Amino acid sequence: QEMVYTKQDVQRIVQYARERGIRVIPEFDTPGHTFAVSRAYPQLVVCPDQQPRWMDVAAEPPSGQLDPTNPESLKLVETLLKEQAGWFPDPYVHVGGDEVNQKCYTNEPRIADYLRNNNMSAAQLISKFAQGIHAAVRSNNKKTVTWEEALLEYNELARSFGMEPALFANAFVTNRPLVTSNIIGATTIAQLEMALSSTDVVWTEEMQKAVEAVHQRVGNPCP
């Protein structure tokens, strides 16, 4: 019970952060890093806590990935995202997408048969599942954040956004000068919050120094 964040806990954290010019963006990592899901829904997770050679199917222990071939996996994520959309006011939701190990799927006979029968690769299966998750995010009037490898390694997912994968790498830095200048020009915490909410770029040391300068100029509201 003590390790569970209630809705009231989240609201308190979000408000505390907002008063200090900080955004709270939740991350619900999918389909990898989901061993915990297997404790409640074992039928939705593939290769859970594989031992002793967890490194064959995961980046770190315990292993476990959502099963993209089970429709209930996507339904679970859709239900979670719909609920959490009301908990976190930020327009962005991070859905992970990193360190998905294809062997976790290809080593599972049932999924291997699914791929063969549907003439699909593991990468295509992962991409299709991710597209469903991204669609669920948009259905809740939110914008998707994902780890870069999800877009750069799975072409179908990148093209679903109307861009070639290589263009995403360039998109990370396109607006950095503008964002930095908006941060530097902020004179209040509210203006700083507005500047930060407009950024879709990778955080840099330059931006960190700009934020620190604003706090020195207007005062740090933290107790």
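## A residue to start from

At 43% relative accessibility, A59 counts as partly exposed, a class that lies between buried, under 20% relative accessible area, and exposed, over 50%, as found with a 1.4 Å probe on protein chains only. A59 belongs to the loop between strand 2 and strand 3, and, once neighbours within four places in sequence are left aside, A59 is in contact with W54 and E99, where contact means heavy atoms within 4.5 Å. The C-alpha atoms of A59 and V100 are separated by 8.1 Å, although these residues are 41 apart along the chain.

## The model and its overall make-up

This is a predicted model, in which local features need pLDDT of at least 70 and side-chain atom pairs count only at pLDDT 80 or more, while totals for chains, interfaces and linings use all residues. Residues are numbered from 1 along each chain as its sequence is written, and side-chain values use heavy atoms, with hydrogens and water left out.

The protein has 12 helices and 5 strands; these are DSSP runs numbered from the N terminus, with helices being H or I runs of at least four residues and strands being E runs of at least two. Of the 223 residues of the protein, 39% count as buried. Among contacts between residues at least 6 apart in sequence, 69% join residues at least 24 apart.

Three strands form an open sheet in the order 1-4-5, with parallel pairing, and two strands are taken to pair if DSSP finds at least two bridges between them. The edge strands, each of which pairs on one side only, are strand 1 (27–30) and strand 5 (143–145). From one strand to the next the twist averages 35 degrees, where axes are lines fitted to C-alpha atoms, for helices over the stretch in contact, and angles run from 0 to 180 degrees between N-to-C directions.

Strand 4, residues 92–96, pairs with strand 1 in the parallel sense over 2 bridges; E27 has H94 as its bridge partner in strand 4, and T30 stands opposite G96. On the way to strand 5, which runs parallel to strand 4, there are 3 bridges, and Y92 has K143 as its bridge partner there. Strand 4 is mostly covered, with 5 of its 5 residues buried: Y92, H94 and G96 lie on one side, and V93 and V95 on the other.

## Helices across the sheet and the nonpolar cores

Helix 3 (residues 71–85) lies across strand 1 and strand 4, running at about 170 degrees to strand 1. Helix 6 (residues 122–139) lies across strand 1, strand 4 and strand 5, and runs at about 165 degrees to strand 4.

The largest nonpolar core has 15 residues, and those with the most contacts inside it are L81, F88, V93, V95 and I133; such a core is a set of buried Ala, Val, Leu, Ile, Met, Phe, Trp, Tyr and Cys residues joined through side-chain atoms within 4.5 Å. Helix 1 (7–18), helix 3, strand 4 and helix 6 are the elements that give two or more residues to this core, and its largest share, 4 residues, comes from helix 6. Not counting residues up to four places away in sequence, I133 touches T30, L74, V77, L81 and V95. A second, separate core of 11 residues includes V57, Y105, L115 and L125.

## Helix 5

In helix 5 (residues 109–117), the residues I111, A112 and L115 are buried. Seen down the axis of helix 5, its buried residues fall within an arc of 105 degrees, so they line one face of the helix; this arc is that of the directions from the helix axis to the C-beta atoms. On the other side of helix 5, P109, R116 and N117 are exposed. The buried residues pack against strand 2, helix 4 and helix 6, and just after helix 5, N119 takes a positive phi of about 50 degrees.

## The disulfide

The structure holds 1 disulfide, a term used here for a pair of cysteine sulfur atoms within 2.5 Å. It is formed by C47 and C104, with their sulfur atoms 1.9 Å apart, and the link is left-handed, with -105 degrees about the S-S bond. C47 lies in the loop between strand 2 (45–46) and strand 3 (65–66) and C104 in helix 4 (residues 103–106), so the pair ties together parts that are 57 residues apart in sequence. Both C47 and C104 are buried.
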